[in-house]
Every structure is written in structure tokens, then in C-alpha cells.
Amino acid sequence: MADQEKFYEALCEGSMDKVKELTQKALNAGETPDKVLKSGLIPAMDRIGVRFRNNEIFIPEVLIAARAMHAGLGVLKPILAKSTTSTTTKVIIGTVKGDLHDIGKNLVGMMLEGAGFEVVDLGIDVPPEKFIQSAKENGAKIIGMSALLTTTMMQMKTTVEKIKAEGLKVKTVIGGAPVTAEFAKQIGADGYAPDAASAVSTIKEVLK
Ligand code: B1M
């Protein structure tokens, strides 16, 4: 089991080196990248979120924790990307307009790459038009959207509507902490995934 307490302490300190070291140590001890994420990095980041919500820490602390988490993800990325067979299916991903959260979206991207998809990551604060333009340019069959704010979730609806209005033959899969399967259904998205691992299976399912 990845040592969640140590990950938590390293995230609190914002120590990129310590997080990288802990991640590598867990891998060397035989943990899978998935296990390091699920029993180490993600629950540790969740605890940061709880302290943020309780006003015990503030945005600068969350930002340095997020930067340290990215350093850990950087260690996992090449290993995740190496696994499984390769496909040429392109997936466009991005965090919707007005939303700057990218940790979860980056995880989804890594898991998709690990599953052999070619990922075009549009980054954060992505307007509907940019998703559409990129899907056209890349001949992509699927767009994955992430939102972490209740206020930005509605951008998913706008994007789905604009895709349909254009008559674009592209499927949509959505996710992010405030998003639910019911919301996905309401806005006419083709799929919903609660976490990065299930984003891969949902996308495969939707593409069938
Ligand atoms: Co923000 N923030 N934040 N924040 N932040 C939350 C989301 C919040 C819940 C904190 C809280 O109050 N408890 C809250 C939202 C409340 C709400 O809307 N209901 C909040 C707020 C309010 C804000 C600001 C408005 C704060 C302010 O300025 N007053 C502001 C908004 C900025 C903006 O976006 N316009 C803000 C800013 C920030 C930081 C910049 C400081 C930083 C982001 C840094 C970064 O991403 N580079 C930040 C962070 C880090 C958080 C918390 C603490 C952690 C989010 C995170 O990365 N989690 C968060 C509290 C929390 O969630 N515990 C919070 C880890 C990540 C792995 O999980 O992203 O959920 P998550 O991804 C999961 C799944 O959701 C899923 O897979 C991932 C895991 O497997 N998933 C998908 C995600 N996308 C998917 C897409 C898919 C499928 C699955 O398909 C395509």
C-alpha cells in the first residue's frame, strides 16, 4: 500500500522532490501506478481539498500541493503510457470554459494514453468552439470534458448543444467532481465516468 500519510505530508509541504521520490519508491516496491494513484496521491489530495473547504488552508497552499501532485503524476505517466496495445483512435480532452482545474483531466489523459488512445489535450478554460474545431481538425470521434465547478458544469451542456447544432458526428464523455450520470443524461452527453480509470472503459463503450 502506498503510504498516504507521507504523500499527504509531502503535498502539504509542496515538495515536488519528495512526491516524486515517494512515487518512485512505491513503484520500486512493486505497487502498480493505479494503486499509487488510488491509495496514495488521490486520497492525499482529497484531504487537501477538505482542509481547503474548511478554510484551514488557502489557494496558495492548494496550488503548491497541486504542483507537487503533478510532479508525482509525471513519474507515473511514462509507465501508464507504455502499457497495452496501441490504437489510433484520437480523443480530444479539455477542462471546460471558465474552469482552471486540470489534475483530474490530466489523469484521464494519462489513463487514455496508457490504454493506447492518441490524446489531444486542449488544456484548461476551453470554449465549446475550440473543442469543435479540434475535433474537426483531428477527425476525432470523441470529446472528453472535465469540470470541477458547479458554475462551469453548464459549459458542458453548451458544448454538447453546439456539437449537435453543427451536425458533428462526435461522441461526448464527461466527468469531474460535481458531474453525475444523471446530469450527463440530462444534457445529452453520450457517457459519464466517475474516475479516470472508468473514463477509459466508458470511452471504449461509447465508441462501440
Ligand atoms: Co478548486 N475548487 N477552486 N482549486 N479545488 C474545488 C473543486 C472545490 C470542490 C473546493 C471546495 O470548496 N471544497 C470548489 C468547488 C465548489 C463547487 O463548485 N461546488 C473549488 C473552488 C470553489 C475553487 C475556486 C472558485 C476558489 C476561489 O477562487 N475562491 C477557484 C476556481 C478557479 C477556476 O477554475 N476558475 C479554485 C481554484 C483552485 C486552484 C487553482 C487553487 C486548484 C487547481 C489547480 C489545478 O488543477 N492545477 C484547486 C484545487 C486543487 C481544488 C481541489 C482542492 C482539488 C481538485 C483536484 O485536483 N482533485 C478541489 C477540492 C476537491 O475536489 N477535493 C477544489 C484531485 C483530482 C484527481 O480529482 O479533479 O475530481 P478530480 O478528478 C477525478 C474525477 O472527478 C474524474 O477523474 C479524476 C480521478 O480519477 N474526472 C473525470 C475528472 N475529469 C474527468 C473527465 C472525464 C472522466 C472523469 O471524462 C472526460
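The questions and answers below cover the ligand site of this model.

Modeller: The model is predicted, so local features need pLDDT of at least 70 and side-chain atom pairs pLDDT 80 or more, while totals for chains, interfaces and linings use all residues. Residues are numbered from 1 along each chain as its sequence is written, and side-chain values use heavy atoms, with hydrogens and water left out.

Biologist: Which residue is the only protein donor of the cobalt atom of the ligand?

Modeller: Donors are N, O and S atoms within 2.8 Å of the metal (3.2 Å for Na, K and Ca); water is not among the atoms, so sites may look incomplete. The residue lies in the loop between β1 (90-95) and α5. Its NE2 is at 2.2 Å from the cobalt, and the donor is His101.

Biologist: Which residue has a backbone N or O atom 2.7 Å from an oxygen atom of the ligand?

Modeller: A polar contact is a pair of N or O atoms within 3.5 Å. A polar backbone atom of Thr150 is 3.0 Å from a ligand oxygen. At 2.7 Å, the residue is Leu100.

Biologist: Which element gives the largest share of the lining of the largest pocket?

Modeller: The ligand sits in this pocket, with more than half of its atoms within 2 Å of the grid points. Lining residues have an atom within 4 Å of a point. α3, α4, α5, β3, β4 and α9 each supply at least two. The largest share, ten residues, comes from α3.

Terms used:
Polar contact = N/O pair within 3.5 Å; in protein donor to acceptor, adjacent residues only side chain to side chain. 1 Å grid on protein atoms, 1.4 Å probe; cavity = no way out; pocket = protein on both sides within 12 Å on 5 of 7 lines; lining within 4 Å. Helix = DSSP H or I, 4+ residues; strand = E, 2+ residues; numbered from the N terminus.
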